[in-house]
Amino acid sequence: RARTICAGHDAGRPDSARRHRRRAGLKAAMPRTRKPDVCQPTGSAELPMLDISMPMMKTAAIVAAGRLGLFQALADGPLTPAELAGKIQSSERGTNMLADFLVAIGYLETQGRCVANTSSTQRWLTRLGQIDYTPGVLWTHEAWPMMASLSDAVRSGQPESTLWDAMVERPELGALFSAYMQAFAQDLGPDLLRHVPIDSTHRRLLDLGGSHGLHSIRFCQHYPQLSSRIVDLPSALSHTPSTIAREGLAERIELSPGNLLDHDWGCEHDVVFYLSVAHNQTADDNRRVIQRIYDALNPGGLLVIHEYLAETPNTPLNAAFRLTLLFETGTQTYAYRDYSGWLAAAGFSSISRIDLDPLEKGSLILARR
């Protein structure tokens with residue numbers, strides 16, 4: 001959604017303006033109850049351990065509900081605790097206790113003798129919602145043990161082993177992480193279509209780190225002249241062929257398994273996607289990849305970067321993400337000036353930035369060869 005501020009909107013409409021100001025005054029006078037936000041600064045609770053134990057219990061309960069299929073079981077409508085327990089094959093006692101807590105933290109609601117998903121839970125955590133982030137919940141279960149290594153990563157400044165090492169040892173992690181990224185891609189997709197200027201001369205799309213294939217699929221569906229090549233680790237591409245085939249795009253989207261740092265991508269591409277990948281690379285690797293992208297683009301070609309930019313002042317979300325990267329990959333987020341410098345050094349021109357709405361979706365950087 002575009003953010004537009006129009007000066008003088010009520011010009012010539014004094015009554016409307018006065019009514020608006022009166023309503024605003026009434027709203028300002030009414031007491032407001034702020035919804036708890038885990039990204040808000042904490043540490044001031046009367047019982048300080050609540051700052052520690054309650055976020056842990058909240059996460060544990062949501063992850064348990066995701067693994068049990070509790071939210072999905074309620075997607076079709078409210079159920080009594082006994083019906084819910086039967087549907088998720090759990091004890092009625094345990095189901096009752098979990099449901100009670102999920103009601104208390106706003107993920108479920110009571111309807112008479114039944115429990116039901118709240119509108120937000122239905123929207124984001126079920127198969128019938130706008131986006132089903134259940135794979136992200138399941139990924140959190142796998143990522144949880146990695147948290148134990150945070151203190152070691154802080155001491156050494158890097159992880160003992162990276163997320164990618166774990167995926168080599170357990171290939172199923174790659175498929176689950178890809179499913180999580182697929183859910184995010186569904187959320188990000190409309191923003192990309194809105195802001196990325198594809199024209200009739202664009203024929204060849206290179207999707208670096210495209211794993212799930214959804215970005216290539218969406219753009220090939222929207223622009224019939226496009227074909228795409230997706231480059232990602234083999235473990236991240238395990239389910240992608242079936243997704244592409246299901247959409248009838250096997251002849252227009254090809255997979256090229258490999259590490260994008262040293263893989264042969266080919267050349268003469270018109271558009272390159274480097275979406276949510278740069279934060280997993282070192283600054284030197286990003287500099288090298290961006291130069292390789294420039295060399296692989298046709299004159300006038302377009303590079304699209306999606307990232308979470310390091311900002312000043314910092315935000316709790318950005319700080320949390322950087323800390324996550326410390327123990328998962330050993331990398332970090334980078335500032336817009338870093339990307340601008342790498343792009344200019346590679347030879348790109350017409351560099352621009354688009355901050356998405358809401359800001360938690362990150363930013364796009366567009367650059368032309």
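Visitor: What share of the contacts in the chain with a separation of 6 or more comes from residues 24 or more positions apart?

Guide: The share is 68%. A contact here means heavy atoms within 4.5 Å. Keep in mind that this is a predicted model. The chain has 15 helices and nine strands. Of its 369 residues, 42% count as buried.

Visitor: How confident is the predictor in the chain?

Guide: The average pLDDT is 87, and 88% of the residues score at least 70. Residues 1-36 have a pLDDT below 50. Beyond near neighbours in sequence, that stretch has seven contacts in the model.

Visitor: How many aromatic pairs are there?

Guide: The count comes to 13.

Visitor: Why is the pair of Phe-219 and Phe-273 called edge-to-face?

Guide: Two values decide. The ring centres must lie within 6.5 Å, and the planes must be over 60 degrees apart. For Phe-219 and Phe-273 the centres are 5.0 Å apart and the planes stand at 75 degrees, so the pair is edge-to-face.

Visitor: Which elements does this pair link?

Guide: Phe-219 sits in helix H11 (residues 214-222), and Phe-273 in strand E6 (residues 269-275).

Visitor: What makes Phe-219 buried?

Guide: The cut-off is under 20% relative accessible area. Phe-219 has 0%, so it is buried. Phe-273 also comes out at 0%, and therefore counts as buried.

Visitor: What makes Tyr-294 and Phe-348 an edge-to-face pair?

Guide: Their centres are 5.1 Å apart, with 80 degrees between the planes. The angle has to be over 60 degrees. Tyr-294 and Phe-348 are therefore edge-to-face. Tyr-294 is in helix H13 (residues 283-296), while Phe-348 is in the loop between helix H15 (336-346) and strand E8 (349-355). Both residues are buried.

Visitor: How do you know that the charged end of Arg-292 sits over the ring of Trp-265?

Guide: The distance part of the test asks for CZ of Arg within 6 Å of the ring centre. The charged end of Arg-292 is 3.9 Å from the centre of the Trp-265 ring. Arg-353 lies over the face of Tyr-336, at 5.5 Å from the ring centre.

Visitor: Why is Leu-163 called buried?

Guide: Its relative accessible area is 3%, against a cut-off of under 20%, so Leu-163 is buried. Leu-163 lies in helix H9 (residues 163-169). Not counting residues up to four places away in sequence, Leu-163 touches Trp-139, Met-146, Phe-177, Glu-328 and Thr-329. Two of these, Trp-139 and Phe-177, form one aromatic cluster with Trp-164 and Tyr-180.

Visitor: How do you know that the buried residues of H15 line one face of the helix?

Guide: Start with the list: Tyr-339, Ser-340, Trp-342, Leu-343 and Ala-346 are the buried residues of H15. Seen down the helix axis, they fall within an arc of 165 degrees, so they line one face. The face turned away carries the exposed residues Arg-337 and Ala-345.

Visitor: What covers the buried residues of H15?

Guide: The cover includes H13, strand E7 (297-307), E8 and strand E9 (363-368). Just after H15 comes Gly-347, with a positive phi of about 115 degrees.

Notes. Residues numbered from 1 in each chain as written. Predicted model: local features only at pLDDT ≥ 70, side-chain atom pairs only at ≥ 80, totals over all residues. Heavy atoms only, no water. Helix = DSSP H or I, 4+ residues; strand = E, 2+ residues; numbered from the N terminus. Buried < 20%, exposed > 50% of the residue type's maximum accessible area, 1.4 Å probe, protein only. pLDDT = per-residue confidence, 0-100. Phe/Tyr/Trp six-rings, centres within 6.5 Å; stacked < 30°, edge-to-face > 60°. Lys NZ or Arg CZ within 6 Å of the ring centre and 35° of its normal. Arc of directions from axis to C-beta.
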